[in-house]
Amino acid sequence: MISALFNQTTYVAAKKMLDATVLRHQAIASNLANLETPGYRRIDLAPSFQAHLQQALAAGDTHRLARLQPRLQVDPAATLGTRDGNTVSLESELTQLQENLIAHALETQLISSTLLRLRLAITGRPF
Amino acid sequence: MVELLPGVQSTASALTAERIRMDVIAQNIANINTTRGLDGKPYQRQRVVFQTILNQRLAADPGATPQPVRVARIEPDPRPPKLVYDPGHPDANAEGFVAFPDINLHQEMVDLIAASRAFEANLAVLKNARSMALQTLSIGKRT
């Protein structure tokens, strides 16, 4: 089956992580947009996604990996920084924004290199 | 429609909201000495109130959703005007006092800096979204 070409555990995991990274970027964008909205609680990727991803990777379970769905949730660990009930910290959000950008670069390169290796195996030419 | 730039709704809404905030601050500073407005009273300092918008498209999704922001309202600051003794002023009252708006220039400048920093933070998000989108488009290409 041709789909077997794209069923490697690491490839599927990289795709899921890319989805999660984009979702996380949306969360950070929302947090920074609401930097000064009274009562806003910061949102982030649900930590259960990371745990499920690691379990599925350890088990080598590609089907379970493919079914994983990253979700956002209100960050319960965030502490109140100001008296208006807002839990966003500008510095930590900007740091996470940059981390997320690098994570995204890593994941796209992982996916690209998997695809390029497949192409090399099929054509014998290195592009 | 496909969202090419992730989180662009939130970022764009925040840029608009912060710009409105800067407009209101500029208005406050411009009218720092206005003793007679359109209603005949001294200018009242205005301030913005931010509010999140429920993201309709994602509202059906369980869990939290990215939330854009908007200026809910621009409300007058209820501080009473400060009275300055200046009998020669055309707007002086019978006792010779003129009502000036109670605007603290330092406070307005600090607000202005905070607004422009928030604007810059959102621009940084937009820049990152752009480079992420370009990177995603280059999947499968040889670097």
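Visitor: Is B:Phe97 buried, partly exposed or exposed?
Guide: Keep in mind that this is a predicted model. B:Phe97 has a relative accessibility of 32%. Buried would need under 20% and exposed over 50%, so B:Phe97 counts as partly exposed.

Visitor: And B:Tyr85, buried or exposed?
Guide: B:Tyr85 comes out at 55% relative accessibility. The cut-off for that class is over 50%, so B:Tyr85 counts as exposed.

Visitor: What kind of pair do the rings of B:Tyr85 and B:Phe97 make?
Guide: Their ring centres sit 5.5 Å apart, and the planes meet at 65 degrees. Planes over 60 degrees apart fall in one class, so this pair is edge-to-face.

Visitor: How many residues apart in sequence are the parts that this pair ties together?
Guide: B:Tyr85 belongs to strand β3 (residues 82-85) of chain B. B:Phe97 belongs to strand β4 (residues 97-100) of chain B. So the pair links parts whose separation in sequence is 12 residues.

Visitor: Which element gives the most to the side of chain B that touches chain A?
Guide: α1 (8-30), β1 (46-52) and α2 (105-137) of chain B each supply at least two residues there. With 12 residues, the one that gives the most is α2(B).

Conventions. Residues are numbered from 1 along each chain as its sequence is written. Chains are lettered from A and ligands numbered from 1 in the order in which they are written. This is a predicted model: local features need pLDDT of at least 70, side-chain atom pairs count only at pLDDT 80 or more; totals for chains, interfaces and linings use all residues. Side-chain values use heavy atoms; hydrogens and water are left out. Helices (H or I, at least four residues) and strands (E, at least two) are DSSP runs, numbered from the N terminus. Rings of Phe, Tyr and Trp (its six-membered ring) pair if their centres lie within 6.5 Å; planes under 30 degrees apart count as stacked, over 60 as edge-to-face and the rest as tilted. Buried means under 20% relative accessible area, exposed over 50%, partly exposed in between (1.4 Å probe, protein chains only).
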